[in-house]
Amino acid sequence: MSKLASLMIKISANGAQAEAQIKALEMKMEGFGKRMSSLGATLSKTLTLPLVALGGASIKAADTQLKAEAKLLTALKQRRDVQQRLIDQAAKLQGRTVFGDEEIINQQAYLAALGLTEEQINSTINAAIELSSALGMELEASVKNLAKTYGGLTGELGESMPALKELTAEQLKQGAAVDYVNANYKGFADQVAKTGAGPLQQLKNQLGDMAEKLGTALLPIISKLADMIGKLADWFTRLSPGIQESIATAVA
């Protein structure tokens, strides 16, 4: 065999080997690509989507809390010192009951709007929590029924608590009905928080607080992003229809 023929055979063999190696590499790269695609999908389901959901829930929780606090401040005619003390009281009540602080703050705002003093608000909220825990009433209903007694009326409470009917209108206006509930229903809220699903509700409230803090931290970022998008939208609307169509086509 001539040297030329031998060289050609060698080159051919090397070429076939190289081609086989290239094909093997291509298959490995294809497999790697599929694995990365699968990993991306998995991360979207197990990490990205939950994080987005958490962010959305946190922002909603923060929004609910901030609106309740703003409502309270408005009802108090911008007395921030009183607002802060009532918010602190709501946090303490949440810590030992099944009621969330945002729910309590909303009821504080209702009582403040009626013109009750800080002391009356605290006393009424505490009585309402005990009453709701004892009778299974919604907190809002308990607060409203107790608030009526400051007008000298026993209302529905007089039917479930006959002792209130013995109080004079003047005594009711001075808060005697609230005092009666605080004295005779004391301890119900603490017991409910420790029994059955009570601890689970308390845990839910604590997680809600965490979500509120996260949402509060995210809100400024969301606000800046919304401002940027608003400016971009304004810029886009001022372009000619032809340029808008060109941009839309390029993005698509």
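How many residues apart are E140 and K144 in helix 5, and what helical separation results? E140 and K144 are four residues apart in helix 5, so about one helical turn separates them. The model in which this pair occurs is predicted. The protein contains 11 helices and zero strands, and 29% of its 252 residues count as buried.

**Overall make-up**

- Read from the N terminus, the elements follow the order α-α-α-α-α-α-α-α-α-α-α.
- Of the contacts between residues at least 6 apart in sequence, 59% connect residues at least 24 apart.
- The accessible surface amounts to about 16,200 Å², and carbon and sulfur atoms account for 62% of this surface.

**Nonpolar core**

- The largest nonpolar core has 38 residues, and the members that touch the most other members are L72, I104, I125, I129 and L146.
- At least two residues of this core come from each of helix 1, helix 2, helix 3, helix 4, helix 5, helix 8 and helix 9 (188-194).
- Helix 4 provides the largest share of this core, with six residues.
- In soluble globular proteins, nonpolar side chains tend to be buried together.
- Leaving aside residues up to four places away in sequence, L146 touches T124, A127, A128, L131, L157, V178 and V181.
- Two of these partners of L146, V178 and V181, are among the buried residues of helix 8 (residues 176-184), together with A176, A177 and N182.
- The buried residues of helix 8 pack against helix 4 (118-135), helix 5 (139-149) and helix 7 (169-173).

- Q108 belongs to helix 3 (residues 101-113). Its relative accessible area is 1%, under the 20% limit, and Q108 is therefore buried.
- The side chain of Q108 comes to 2.9 Å from the backbone oxygen of L86.
- Apart from residues up to four places away in sequence, Q108 is in contact with L72, L86, I87, Q89, A90, I121 and I125. Of these partners, L72 and I125 are also named among the core members that touch the most other members.
- D101 is likewise found in helix 3 and is buried, with a relative accessible area of 7%.
- D101 and D209 are 108 residues apart along the chain, and 8.8 Å separates their C-alpha atoms.

**Salt bridges**

- The structure holds six salt bridges.
- E140 and K144 form one of them, with the closest N and O atoms 3.2 Å apart. E140 is partly exposed at a relative accessible area of 41%, and K144 is partly exposed at 34%.
- K144 of helix 5 also has its C-alpha atom 8.8 Å from that of Q107, a residue 37 positions away along the chain.
- D81 and R85 form a salt bridge in which the closest N and O atoms are 3.9 Å apart. Both residues lie in helix 2, four residues apart, or about one turn of the helix.
- D81 is partly exposed at 46% relative accessibility, and R85 is partly exposed at 40%.
- A network of salt bridges links D81, R85 and E118.
- The side chains of E159 and K165 are joined by a salt bridge with an N to O distance of 3.5 Å. E159 counts as exposed, at 61% relative accessibility.

**Loop between helix 1 and helix 2**

- K77 lies in the loop between helix 1 (3-75) and helix 2 (80-96). K77 is not a glycine, yet its phi is positive, at about 60 degrees.
- K77 is exposed, with a relative accessible area of 68%.
- Q78 is located in the loop between helix 1 and helix 2. Its phi is near 65 degrees, a positive value in a residue other than glycine.
- Q78 is partly exposed, with a relative accessible area of 47%.

**Nonpolar surface patch**

- L200, L203, L207 and M210 make up a nonpolar patch on the surface, and their accessible area together is about 430 Å².
- L200 is placed in helix 10 (residues 198-237). Its relative accessible area is 58%, over the 50% limit, so L200 counts as exposed.

Notes
Residues are numbered from 1 along each chain as its sequence is written. This is a predicted model: local features need pLDDT of at least 70, side-chain atom pairs count only at pLDDT 80 or more; totals for chains, interfaces and linings use all residues. Side-chain values use heavy atoms; hydrogens and water are left out. Buried means under 20% relative accessible area, exposed over 50%, partly exposed in between (1.4 Å probe, protein chains only). Contact means heavy atoms within 4.5 Å. Accessible areas come from the Shrake-Rupley method with a 1.4 Å probe; for residues, only the protein chains shown count as cover. A polar contact is a pair of N or O atoms within 3.5 Å; within protein, one must be able to donate a hydrogen and the other to accept it, and residues adjacent in sequence count only if both atoms are side-chain atoms. Patches are made of residues with over 30% relative accessible area and no salt bridge: like charges are joined within 9 Å, nonpolar side chains (Val, Leu, Ile, Met, Phe, Trp, Tyr) within 5 Å. A salt bridge is a side-chain nitrogen of Lys or Arg within 4 Å of a carboxyl oxygen of Asp or Glu. A nonpolar core is a set of buried Ala, Val, Leu, Ile, Met, Phe, Trp, Tyr and Cys residues joined through side-chain atoms within 4.5 Å.
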